[in-house]
Amino acid sequence: MPYRAPLTDIRFILGHVVPLAQIAATERFAEATPDLAEAVLAEAAKLCDTVMAPLRRAGDQTPARLENGVVRSTPGFAEAFRQIAGGGWIGVSAPAEHGGMGLPQVLNMAVHDMMSGACLALELNPLLTQGQVEALEHHASDEIKALYLPKLISGEWSGTMNLTEPQAGSEVGALRTKAEPNGDGTYALSGQKIFISWGDCDMTENVCHLVLARLPGAAAGTRGISLFLVPKFIPDGNGKPGVRNGVNVVSLEHKLGLHGSPTCVMDYDRATGWLVGEEHKGMAAMFTMMNNARLAVGVQGVGVAEAACQAAVDYASDRKQMGAIIEHPDVRRMLATMRAEVFAARAIALACAAATDMATATGEADWQARAAFLTPIAKAYGTDVGCDVASTAMQVHGGMGYIEETGVAQFWRDVRVTAIYEGTNGIQAMDLVGRKLADGGEAAFRLLEEIEAGAEAARAALPDLAGAVWSAAETLREGTEAMLARAMPDRFAGAAPYLRAFARVLGAHCHLRAAVAEGGPGPRTALARVHIERILPYYAACLAEAKEGASGLFALSPEALAS
């Protein structure tokens, strides 16, 4: 099942649904011309198809391993990583003054879409480094930036983030890792972190950790957390890796999937670290990296969904059961649904990235609010689609989908964690109805106005599809007003279905734009019809569930749930 980078879809979305031209028209991103964008996407596609995709199965079957305290990567990963780094792919959106390309995030996310579909386990490494680059760029001292950013962007060094501890998962404020001043501007960090992706590797000469820890006398909870940069090897006077720091990998987690990506238990034994940002303001600095990662994780879901969809179509085309099974109505239903969901999730993710770029380029509050509002939707919907499409791909394969030799089950095993990490999708939904509706719904209503305006403009060409999208947006407006009128915990109880409803309507809007851009009957319009007529209607059921509040859920006692 060879992977093929989805260049056609990405080009179409950036041309007609989430126009790159608007971003390139700003002074900040004027270099993102159509020719440059095409060159970037084409070269990335070639890397993904020929270098990364052949390693997907290798990562699953020959996992990373811990050997004498050093993580050894899957054979072939190091060579592929050198091509990723050598091609400048870690620095697509990194600052030019430190060796990056300085291109829009929308192009960077398109590249990660392709990389994730090709080999998610390997893609995680440069993705984490990019997040660290962004956090350091915004919060680190000039000295740290000058030393670390060029090394990270070039791929000589790699980066991680260390939040989770055995007793502190989503409740980050419960962490116990401590940092004590050494008296020379550095700090001694002690504690244990778990679930650290790519916490060590043999592909780079240094691994740099962003670590959350608590200073002496700091307040309880998240208000007392600071952020520190802790390298595996302490740089010497020439900026080269020097003496080994007091940080070690205790073990590797035994996981359902993503075997090629080592997930480490890390031990910090008075490891030397440098403060990033202000004391006790570590969460604000770490959120810079986490928000970047949340969008990127949504894109990971889209990328794996694309690969799973391709595998399912290939199998259905070849498998003969009373003719090729792709001609069976139920198989065609599954494949059409998969393809429609992938397009919608991809468009939403790129729309979020584009809003981030416009916020960066213009500094306008409306763009910042739009990017913030779309982030939890892009993350949750993208990863839900990844899980659902991967599962459906197994169903298309029938019994062979449950057999490891076909390789299709790996898509589901690999992507399943994306709905959990960087904030579970339930947390994303609570963020949406909590922080992101704290503006009284202004950002939400602006989006809905845009969807309704787009539907009105499409009525002449596609009256039935446009009418359905307009009606859904208007009903979602009422649902948003109802959500704003609720107090907690009722609002949180309806958060997940509300997010799903918003994603369905946004996805329909993107499909409608694609159909209009096609200008007549064709595959884009046919796919839009699948989404709007068969998938969009679920939004109403989601809103009905969202309206129910919390009382019915808590009417079931823990004892009743256990019986």
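Reader: Where is H280?

Author: H280 sits in the loop between β11 and α8 (282-318); helices (H or I, at least four residues) and strands (E, at least two) are DSSP runs, numbered from the N terminus. This is a predicted model, where local features need pLDDT of at least 70, side-chain atom pairs count only at pLDDT 80 or more, and totals for chains, interfaces and linings use all residues. Residues are numbered from 1 along each chain as its sequence is written, and side-chain values use heavy atoms, leaving out hydrogens and water.

Reader: OK, and what's the phi of H280?

Author: Phi of H280 is positive, about 65°, although H280 is not a glycine. H280 is partly exposed, with a relative accessible area of 30%; buried means under 20%, exposed over 50%, and partly exposed in between (1.4 Å probe, protein chains only).

Reader: What about R270, what's its phi?

Author: Near 50° for R270, a positive value in a residue other than glycine. R270 lies in strand β11 (residues 263-276), and R270 is partly exposed at 47% relative accessible area.

Reader: New topic: is E341 buried or exposed?

Author: E341 is buried, with a relative accessible area of 10%. You'll find E341 in helix α9.

Reader: And what does the side chain of E341 make a polar contact with?

Author: With the side chain of R504, at 2.7 Å. A polar contact is a pair of N or O atoms within 3.5 Å; within protein, one must be able to donate a hydrogen and the other to accept it, and residues adjacent in sequence count only if both atoms are side-chain atoms. Leaving out residues up to four places away in sequence, E341 touches Y381, V385, R504, H531 and I535, where contact means heavy atoms within 4.5 Å.

Reader: Which residues of α17 are buried?

Author: They are R524, T525, L527, A528, V530, H531, I532 and I535. What covers them includes α1 (7-17), α9 (329-362), α10 (365-396), α14 (463-484), α16 and α18 (538-546).

Reader: Last one: at what angle do α12 and α16 pack?

Author: Helix α12 (residues 425-433) and helix α16 (residues 495-518) pack at about 80°, with axes 8 Å apart. Axes are lines fitted to C-alpha atoms, for helices over the stretch in contact, and angles run from 0 to 180 degrees between N-to-C directions. The contact is made by Q428, A429, M430, L432 and V433 of α12 and A495, A496, Y498 and L499 of α16.
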